[in-house]
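Work through the exercises below with the sequence and the 3D view open. Try each task before reading its solution.

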Amino acid sequence: MTDGVLHPALVLIVGALLPALLRGNARKLAIVALPLVALALVWQVPDGPVWQARFLDHTITPLQGDKLSRLFATIFALMAAGGGLFALSQPSRVEVPAAFVYAGSAIGVALAGDLITVFAFWELMAVGSTLVLWSNGRNSSYRAARRYLMIHLLGGVVLFAGITGHIVQTGSVAFTHMAPDSVAHWLILIGFLVNAGAPPLSAWLPDAYPEGSWSGTVFLSAFTTKTAVYALIRGFPGTELLVWVGLFMVFYGIVYALLENDMRRILSYSIVNQVGFMIAGIGIGTEMAINGAAAHAFTHIIYKGLLLMSAGSVLLMTDRRKCSELGGLYRSMPLTTVCGTIGALAISAFPLTSGFVSKSMIGQAAVDGHLLTVWLLLTAASAGVFLHAGIKFPWFVFFQKDSGLRPAEPPASMQLAMVLFAVLCIAIGVWSQPLYALLPFPVNYEPYTWAHVLAQLQLLLFSGLAFFVMLPLLKRTPTITLDVDWLWRKLLPAAASSVQAAWRSARQAAVDGLALRVNRSLGSIERRARHDARLSNTGSTRSMATWVLVLLLGYLLLYYL
Amino acid sequence: MNDKPHWLDQPRNLRLLWRGFIVVLVLTVLAQLLVDLHPHFEIEAVFGFNAWFGFGVCAAMILFAKALALLLKRPDDHYGPGND
């Protein structure tokens, strides 16, 4: 049963062949139009199951609509369009098609009604994103892509085990609310959290994302973690553990971003930080909190895409990625500077930007639930966002010192993508009703009260004061900060090579010992077989005949006795 | 465009920006006298809560990060050249 509705995810995934095969303007048209077609199709998906089929004795629902699904599918399609526009001048012929498979799979997860479909798109997403990384063509990207794939296949196996267990236990494949009350559900939760960038494996994200191309990282920032946010909203709302997981991620992101030198790794840590806000909201689990988490995922995809577009423009035009080598770019890249700064203000939830109308709902949910500790930590983290992303990123990239670089603005298509996303950041911030209308629950919240605006301004501006007062402590150095990925980049390889060395020497010793023994036995055989040895003597024929005669006579004698 | 320095490059304008920033900071705190912030938690009712809390936690986070860096900071070719 398909009801004549096309599946937006399949349209984008199969359509990814178009930009791979076409050339010139037709290719450009396909890159921008295809995600918009998918977006239009997302809005044709009605509530309830749309596509159903039998698979392995189960009725699966590859296409199912409700407000939450459409919200995430909408922003994924929008991001694919914006990212595609930004990537129009990308020479790699693999990146955009791979990104469309990636985005299409994310839409597929958002519109899936059952866990089997979720898993299938989940794995396809890992393949698409790995190809996006890979297509950058650098040696470091290739190695990062391998590490990235390893973590995601591991997460996929855990998720698969959980889903299998869930189906065996409940007999149902439907993707609905679960609680971490069985091994299977824990495994599903862990599988989702791996993709969200949650501890202890958060390090895969800042390890992999900065290795994408100038346009690839824009795609990478949007889908994997936010699909996980969607899956957690659908599967585990109100799971208290998630509050603490989210708060950990929030502070992990801030502290590591403060120490980071690579501009796109700063923004990658800040993805973990922002997803932390969403996961904390999912953990609180009230309607206000879930609305806040969903809205924040929506606005976050836009402003993080914008921030990474501005960083990608700088990377393309200067071929530099380290803050210690950048600075002073506002002189020759004013448009990129303005757009990047708007993204930075939006991520900081400055009034009149999109972050302000979304993130504040999560804080409000903590207030409504009288969760003082959670609220204090969320407020502290909001201040920290301004510190590590809101000021640090634009300051070190566009202002700071004069690096002597005078790069031109990027190509027109990149400028247009940045301007469109910057406009969206402001438009949602000024006029939040259209976004609120898309949220899963009715919104009974007014972000623009004098009290709220003033409190937020105090918080942010004094965080800014702290930044500039303590600037000497924040001076960038060409360093990295060790993270959990040290385990699989240093410790495991070192352990593996020492095990290998031990095995090699043990094998050598065994071979040597064996050779010694064989030599010894050969020696003793040789000694016994020497011509002058007792057994090697040859007797004369005469004595042989005599002895035979003696034996025969003895035999005859014995016979007659 | 190289003849005239960018307005942000003139020390006079930078001083002006700093002064403007401090004036705005003071205004946001003073505005609290006019606007009721509807404090929900007790600690929120302390005067200028968001200002000193924001400044304090940011300073604390920077110091914490610096302390962590003593343990975990490495040169950026730690994992091999070109793979930082």
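**Exercise 1: the largest pocket**

Task: find which residues lie nearest the centre of the largest pocket, and which helix gives the most to its lining.

Solution. Step 1: the largest pocket has 29 lining residues, and those nearest its centre are Trp395(A), Phe399(A), Phe468(A), Leu8(B) and Leu17(B). The model is predicted, so local features need pLDDT of at least 70 and side-chain atom pairs pLDDT 80 or more, while totals for chains, interfaces and linings use all residues. Residues are numbered from 1 along each chain as written, chains are lettered from A and ligands numbered from 1 in the order written, and side-chain values use heavy atoms, without hydrogens and water.

Step 2: on a 1 Å grid over the protein atoms alone, a pocket is an open set of points with protein on both sides within 12 Å along at least five of seven lines; a cavity is a set where a 1.4 Å probe fits but cannot get out; lining residues have an atom within 4 Å of a point.

Step 3: two or more lining residues come from each of helix 15 (334-347), helix 17 (372-398) and helix 20 (450-469) of chain A and helix 1 (11-30) of chain B. Helices here are DSSP runs (H or I, at least four residues), numbered from the N terminus. Helix 15 of chain A gives the most, 6 residues.

Step 4: the volume, the space filled by probe spheres set on grid points joined across faces, edges and corners, is about 1000 Å³.

**Exercise 2: the second largest pocket**

Task: sort the lining of the second largest pocket by class.

Solution. Step 1: this pocket has a volume of about 600 Å³. Of its 26 lining residues, Gln364(A), Val367(A), Trp375(A), His452(A) and Glu44(B) are the closest to its centre.

Step 2: the lining has 12 nonpolar, 11 polar and 3 charged residues. Ala, Val, Leu, Ile, Met, Phe, Trp, Tyr, Cys and Pro count as nonpolar, Asp, Glu, Lys and Arg as charged, and the others, Gly among them, as polar.

Step 3: helix 16 of chain A supplies the largest share, 7 residues.

**Exercise 3: the second largest cavity**

Task: state how much space lies in the second largest cavity and which helix gives the most to its lining.

Solution. Step 1: the second largest cavity holds about 60 Å³ of space.

Step 2: its lining includes Leu258(A), Arg476(A) and Lys66(B). Helix 2 (49-72) of chain B gives the most, with 3 residues.

Step 3: the lining divides into 6 nonpolar, 1 polar and 4 charged residues.
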